[in-house]
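Please consult the sequence and the structure shown below while reading.

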Amino acid sequence: MTRSCEKFCQCASVSHGRLGERELKLEKCLVSDIAVVFVFSRSVFKLLVSCLIIQLAGCDSQEQVQISGDGSTTTEDQQPEQPAVAKLDERQQLMAAQSLLQRGDADGAWEMVNQVLLVKPDSLDALRLAVGIKQQKGELREAAVLAAQVAEADPANAAQMLLLAFECHLRCKEFGLAEADLKRAEELVPRSPQVHRVLAQFLNAQGRRIEASGHVKQLIRMKNVEHQEVLSLVDLRGPFPLSSFDVFTRDAPLSLFGLGDLRYQYSTSKSEPTELLNRAKEITTQFPESAAAMAFRLRMLADLDRIEELRVLLADLPDGIRKYDEFWFAVGTLLSSDSEDRLAIGAFCQALICNPTDRESLRSMIACSTRLGESDTALLLGKRLAELDKVFRIAKDADAEQARWISQTLQDQVRPWEAAAWLMHAARIDGTLRQLVPELNLRQQAILQWEQGASSSQVQAARVEKILGFSLGKWPAPKMSALAKNRRVEPDIQRRANFGFTDIAVKAGLDTTFVSGFPLDGSPYAIHEVNGGGLAAFDYDLDGRCDIYVVQSGGDPRVPDDATANQLYRLLPNRQFQEVTVSTLTGDRKFGQGVCAGDLNQDGFPDLLVANIGANAIYLNQGDGTFKEASELLGSNLFQWTSSLGLADLNGDHLPDLVEINYIDDTNAFDLRCTDNYLDCQPQEFRKSQDRVLLANDEGILIASKSFADSSPTAKLGFGLVMANFDRKHGNDFFISNDGDFNHYWQSQLADSAVSDSFGLVESGNLQGCSVGRAGKSQACMGIASGDFDRNGTLDLHVTNFENEPVNLFLQSPEGIFIDEVNRKGLGQTSFGVLGFGTQAVDFDNDGWLDLAVLNGHVYDGRVDDIPFRMLPQLFEGSRDGFLLHSDSKAGDYWSEKKLGRTLAMLDWNQDGRIDLLANHLDHPIALLQNDSPGGKWIQIELVGTTSEREAIGAEVQVVAGEERWTGWQIGGDGLMCSNEPVVHFGIGNVTKPVRVVIQWPSGLRTELSDLSVNRRYLVVEGEDTAFAR
């Protein structure tokens, strides 16, 4: 009861009970000296008003209830009797009815109350008591009708009565009527916090996030908002239930609560998309008038690149759908697919008008602007997107300083009410709320004055123009007629390659199997047995032939030397591999993960750096066919789980520095055994480990960089690594794929003048567009392949992901912005059903376009739940238009047999100009896939730095033949847990004449070489003007 009830009753709390999962508070009110028991829910963020009697029996009465003209109730089969002569006055009759009700005689109580209503149908006291009686009788529909009648007659208590009717209808599973109760309550009492709170809860539970947000903003205006409700405004696309309605929806027929469940499943699960789309279709068929449901279905089709299905649905839409950002996002996606990027930007602008938190539309606008050559627009939008991404990342656990930053950011984006709420939250955290009250009051007055001076559409336009930085007039909303005609430019990806690979590992003497301890019979496994082991292809003895290092695992990571020894294989002149592990002293026996081959001490011989679960290891090449362990060069080398390692000069001193990509920092992970309940074995359940940068000093000691540690974001589950000078500025940058979280992209920048280093590092993944893919949510990113996929002269990235997540294809624009073009380039649907690990990009058939190879395989055996375990590896042919999956066995038997694939590395083992592959698995021996594909011409470049560090990581190589130009890089990290043979390979198609080669070295020096014959490998030394044929 509210204060307005005081003139009718005096309330006192009498007891507590439970209803479902919600706490109840019982109130006894004196209505004209008659005690009536009311029941109210009491739970933060949940329903505020319950039904009138302690235990509600349900909806036993099935008859249609009508209110007669005199206030009595009738059924279709029963006519009202003539009123009896009143023997008692109204007050005495109601007291008698209450007495009967207290003795459990609800029927008798109803007869007494009905007598009063027949004489005085507008008696509010009688009507209120009638509501309670009907509830106790379990006649909830009738109770709801009576409560609504009281609300219309008693405006002072309309909110309470209609909220009571709302819950009665909920319990009868009549959700449409329940919503109507709330809407009528809002009409009668527009400034009731209770009504707006319950509306926000109800609509959020139904997945109607845009509608719910309006009620939360009303709560902010009324200074009656909880922080959880403010958090619900941070991202209006994802699910955000403020209260559970499960007790009402359980076993109920399909309702719009199904939309809320679907939104949650779509955002959080790895379900097969066809199943979710079928559910969306079922909901929109059942509720064709629901614009929210149709908008969400359209968004799903847009996300999944179901363009033609989308086009059909857009021809017949429910009223009111234009107020939903997901509708406009779908429109923009279709127009973009039709190569109508200008019109698409107009649609995405409309999406942001509807929902200023729509990061996906902003991301799509950046892609369209980049394709249109609007680089300034794309860069500005990238900054806005980075701000919204940061708000999304930090909001949940924001401290006072972060809350103030969020407040200022939202204020700058013309979201003043939310800004005020965040400022108030910051003041609550640090105890300054009392001092802030005058400022908050002034701010509220200023906001109200500003809103009164502008229409709603003007406010929305001002907000969006502030976010975008340009006038909406530049990008008007598209007309729907633009969607009718199919102008989509279908990629003309026709099979041209005749790939052929043969596994010659055993024949060539490379007869070994990766050991991790992972069981293949479905028995319990340990989480550290899942990820695979490293592979390195390098020429350790400088005899001109590529040797192979295989990292092994097995045993308990906490027990020294408990694992299988790593193996080194030397390639002999007769093209046979010979194991030389013992003689070279390279048999590290820690629980191995990745490996990096590189010249750490700059003596001309490549060394080995082994990533372990435990202490990492360094083996220095002595130049005499042996290695010496020198792990003491790692200044700090504690027990940790390192996935990948990479060497490159990061601070500009021309010495190789080490990047260490780490995974889990929790020894409890090693005791857990994963069984059928594989969800208990998610890596995200354990403490994550911080990545490290270790800088080499003049003595060759690798010292952990404090500045990197201080500026590093929250620890992630680090997997893969690629190092190069991505943006051609300053020094080397590097990209990290993170498992189940935002990726990191560290860019080189000029160092502070107070330090001796030339360059420092700043994390820019959000700003540059490669922290997440086109869907705008973090994925389980694993392997990385790099190269210039679209031949625009910039380094791009292909990132593998979990099952039921598409890969990412981050294409870099000349301005350094990454756009995930996975669907446009034909990789979305072909990658969705697999769980990818290692991947490499190279021109297998030398036609001038990079191809892709991917190893797949699940991390747990879920076959009992119809989850695939072993999976086919994949081979994609690249072209100007995108990628085509070669799904038959013509490329070789290897590609038609399902495996648990893990690490993948590249080499040209027989130096025939066709790049081969080295693959390991959890369930198969190491494979050496010899590339026998017919194809075009090629040229290979080996680099040796002199001023630059010796491996010349970050060097850029261009091959020029007439009007044709190809760009490649000397890459560090090489993807996932591996080191590729250090050669820059170019397929150059049908070029037969000598070519020109231009090399930009990390030191800034430039080398130009002319008239190099094709189909040759060359060694180029920094500072020399001659290339040496190998």
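Lys706 and Asp710 are joined by a salt bridge in which the closest N and O atoms are 2.7 Å apart; a salt bridge is here a side-chain nitrogen of Lys or Arg within 4 Å of a carboxyl oxygen of Asp or Glu. The model is predicted, so that local features need pLDDT of at least 70 and side-chain atom pairs count only at pLDDT 80 or more, while totals for chains, interfaces and linings use all residues. Residues are numbered from 1 along each chain as its sequence is written, and side-chain values use heavy atoms, with hydrogens and water left out.

Both Lys706 and Asp710 belong to helix 24 (residues 706-711), where they stand 4 residues apart, about one turn of the helix. Helices (H or I, at least four residues) and strands (E, at least two) are DSSP runs, numbered from the N terminus. Lys706 is exposed at 61% relative accessible area, and Asp710 is likewise exposed at 55%. The classes are buried (under 20% relative accessible area), exposed (over 50%) and partly exposed (in between), computed with a 1.4 Å probe on protein chains only.

The structure holds 57 salt bridges, including those tabulated here.

| Salt bridge | N to O distance |
|---|---|
| Lys706 and Asp710 | 2.7 Å |
| Arg558 and Asp671 | 2.9 Å |
| Glu139 and Lys137 | 3.7 Å |

Arg558 and Asp671 pair across distant parts of the chain, 113 residues apart. Arg558 lies in the loop between strand 8 (547-550) and strand 9 (567-571), and Asp671 in the loop between strand 16 (657-662) and strand 17 (692-696). Arg558 is partly exposed at 36% relative accessibility, whereas Asp671 is exposed at 52%.

Glu139, which pairs with Lys137, is buried, with a relative accessible area of 15%.

The second topic is helix packing. Helix 5 (residues 158-171) packs with helix 7 (residues 193-205) at an angle of about 25°, and their axes are 10 Å apart. Axes are lines fitted to C-alpha atoms, for helices over the stretch in contact, and angles run from 0 to 180 degrees between N-to-C directions. Helix 5 and helix 7 are therefore roughly parallel, a class for angles under 35 degrees. Helix 5 contributes Ala159, Gln160, Leu163, Phe166 and Leu170 to the contact (heavy atoms within 4.5 Å), and helix 7 contributes Gln194, Val195, Val198 and Phe202.

Key:
Parallel < 35°, antiparallel > 145°, perpendicular 65-115°, else oblique.
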